[in-house]
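Reader: Hi! Could you walk me through this structure while I have it open?

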Amino acid sequence: MRALPTALTLLAAATAANAENRIDTIRPDAPELAAYGDHKIGVTTMTFTNPDQIDVVNTGQTGDIARYDRDLTVEIWYPATDDTEPGGTYTTFIRDGETQTVLTGQAARDATPDTSATYPLIIISHGYPGNRHLLSPLGENLASKGYVVASIDHRDSTYDDQTAFGSTLVNRPWDQRFVIDSVTALDGDLGQIIQGDNIAIIGYSMGGYGALIYAGAGVTLISTTYEWGAPQGLLERNLMGSETHAALADDRVKAFVAFGPWGNNTGFWDAESWAGIDRPLMLIAGGIDDVSQYEAIRGIFDDTMNTTRHLLTFDNANHNAGAPMPAPAEATEVFDHYSDAVWDSVRMNNISQHFITGYLDLHLKGDTDKAQFFDLTPVAQDGFWDVDEDGNQTADHSYWTGFPNRTAAGLRFETKQAGE
């Protein structure tokens, strides 16, 4: 009996060695807007240094406030020239912070940017812990559709650099702001193609927390006093009504997406906070999320009264709904960090790609035709598939736009307008 674990370990190792760990899979039953776009994709890695920042990790409960130069590594996907040969790999860490994996996608390393047009900028912000590759399926996918996508490694919060949680609480929205400022200031062909005043932020879990603060929802005073939070009241930098939080206001950012945003479950926001958000917001969540708490996420949807907002729910999914890449083959011991017990990760990625594509096209590109993909029967299974013998939809057809028959099962999509 003792040989069985060894055999399983060898099998897992062999599987990992032979795996491609693809991040670009589109299932045959994926909704309409999930498919890759017409652009070839380039990718490059850059590091930006934010000088003289508060070093939360090395600041004690009393005494001097430590400071450091905060380095942020960023993966940037972008439309590349038509002669780009598709395909490339990424070497990265998995959740344990020690094991490396190789991911395979469509982006070509350091390909020549397509300077025939300019493109909106999308910021991607991972969870705690995570890294810049965790949402790489979405990053590549959006670049193929005419976006420049910058995904951040948040210092003190990556798999191989996970330290005090207080650093994440304090720094997330400011990292997002600094990367926007840094990327929009780039020279050369890459800088030339970025629309510096037409931006969206996509955050997962703690990345969603940061995006909501950036959107205008400053934190509550009580949250700045938690013993397990940031020392010496440092979180007051993000306090609702403070001058420092007001300095985050940024008209360049037109829309926000938050996957399973953390914080409303622990008192980080209140009604005054939600009143500060006045730009479009899309929330994506698992119906049994027990990390950020699904009812707390619904509370964000209900209470953010001053803007149009959407809530996409994966029924019976937990915290990993729609955001993380499929688990790499090497991640057998940390499989649940990426996966869901009910939903297939690729299917969830494809559904997220569909809705986020439509949402960004509508709000950043002014493509009003994409509004049809949000005018949906709230519970997908209440929709009715009815087509004639030629395959044309009848007047009774009410199935979700863009979804093949029977493929929207288990989903809900709700919308509230400003004032509702």
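This is a predicted model: local features need pLDDT of at least 70, side-chain atom pairs count only at pLDDT 80 or more; totals for chains, interfaces and linings use all residues.

Reader: Thanks! What order do the strands of the open sheet take?

Author: The order is E5-E1-E2-E7-E6-E8-E9-E10-E11-E12, 10 strands with mixed pairing. Strands here are DSSP E runs of at least two residues and helices are H or I runs of at least four, numbered from the N terminus. Two strands pair if DSSP finds at least two bridges between them.

Reader: And which strands stand at the edges?

Author: Strand E5 (108-109) and strand E12 (411-416) do; each has a single partner strand, so one side of each has no neighbour in the sheet.

Reader: How many bridges join E9 to E10?

Author: Four, between residues 253-259 and residues 281-286, and the two strands run parallel. Within that pairing, Val-257 has Met-282 as its bridge partner.

Reader: Switching to helices: is H2 buried or exposed?

Author: Eight of the eight residues of H2 (residues 136-143) are buried, so the helix is largely enclosed by the rest of the structure. Buried means under 20% relative accessible area, exposed over 50%, and partly exposed in between, with a 1.4 Å probe and protein chains only.

Reader: Nice. At what angle do H2 and H9 pack?

Author: About 40 degrees, with axes 10 Å apart. Axes are lines fitted to C-alpha atoms, for helices over the stretch in contact, and angles run from 0 to 180 degrees between N-to-C directions. H2 and H9 are therefore oblique to each other; angles under 35 degrees count as roughly parallel, over 145 as roughly antiparallel, 65 to 115 as roughly perpendicular and the rest as oblique.

Reader: Which residues meet there?

Author: Pro-137, Leu-138, Asn-141 and Leu-142 of H2 meet Asn-349, Gln-353, Ile-356, Thr-357 and Leu-360 of H9. Contact means heavy atoms within 4.5 Å.

Reader: What else is Ile-356 in contact with?

Author: Leaving aside neighbours within four places in sequence, the contacts of Ile-356 include Ile-202, Val-257, Phe-259, Met-282 and Ile-284. Ile-356 is buried, at 0% relative accessibility.

Reader: Last one: where is Ser-273 found?

Author: In helix H7 (residues 271-275), and Ser-273 is buried too, with a relative accessible area of 0%.

Definitions and conventions
Residues are numbered from 1 along each chain as its sequence is written. Side-chain values use heavy atoms; hydrogens and water are left out.
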